[in-house]
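Subject: Structure handover

Hello,

Here is the structure you will be working with. Please open it next to this message and follow along.

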Amino acid sequence: MTDADEARAELLRLRGSIDNIDAALIFMLAERFRATQQVGVLKATHAMPASDPGREEQQVARLRALAEEAHLDPEFAEKWFNFVVAEVIRHHTEAASGS
């Protein structure tokens, strides 16, 4: 096997691993949104606000610390969290308005 063949085989192995990780992330996000939908229904039922800035602040700090521990850029982790939370709040707002 040539060096180029070995490199291609390694590339395919790594891409397969990335594909598996991407699939796992999608299923984990789906599970997360199922849980946050339940939170949204609970908040809507009890006239609670869609967002909880205190909770979000705690989560950002927690996720930034986890990111550092995992050797992931904490700024990226915070951006990801803010993106997800914006979608969650949109769902909660829709639940509260009966949409």
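This is a predicted model: local features need pLDDT of at least 70, side-chain atom pairs count only at pLDDT 80 or more; totals for chains, interfaces and linings use all residues.

Residues are numbered from 1 along each chain as its sequence is written, and side-chain values use heavy atoms, with hydrogens and water left out.

Helix contact

Helices here are DSSP runs (H or I, at least four residues), numbered from the N terminus. The axes of helix H2 (residues 53-69) and helix H3 (residues 74-97) come within 8 Å and cross at roughly 145°. Axes are lines fitted to C-alpha atoms over the stretch in contact, and angles run from 0 to 180 degrees between N-to-C directions. In contact (heavy atoms within 4.5 Å) are residues of both helices, including Leu63 and Ala67 of H2 and Trp80 and Phe81 of H3. By class, the residues of this contact are nine nonpolar, two polar and five charged. Ala, Val, Leu, Ile, Met, Phe, Trp, Tyr, Cys and Pro count as nonpolar, Asp, Glu, Lys and Arg as charged, and the others, Gly among them, as polar.

Pockets

A pocket is an open set of points on a 1 Å grid over the protein atoms alone, where a 1.4 Å probe fits, with protein on both sides within 12 Å along at least five of seven lines; lining residues have an atom within 4 Å of a point. Volume is the space filled by probe spheres set on the points, which are joined across faces, edges and corners.

The largest pocket holds about 380 Å³. Of its 13 lining residues, Leu25, Leu29, Arg32, Trp80 and Val84 lie nearest the centre. H3 gives the most to this lining, with six residues. The lining has 10 nonpolar, one polar and two charged residues.

The second largest pocket holds about 290 Å³. It is lined by 15 residues, and Thr36, Lys43, Arg55, Val88 and His92 are the closest to its centre. Here too H3 supplies the largest share, five residues. This lining divides into six nonpolar, four polar and five charged residues.

Salt bridges

There are seven salt bridges (a side-chain nitrogen of Lys or Arg within 4 Å of a carboxyl oxygen of Asp or Glu). One of them joins Glu75 and Arg64, with the closest N and O atoms 3.2 Å apart. Glu75 lies in H3 and Arg64 in H2, so this pair ties together parts that are 11 residues apart in sequence.

Regards

Terms used
Helices (H or I, at least four residues) and strands (E, at least two) are DSSP runs, numbered from the N terminus.
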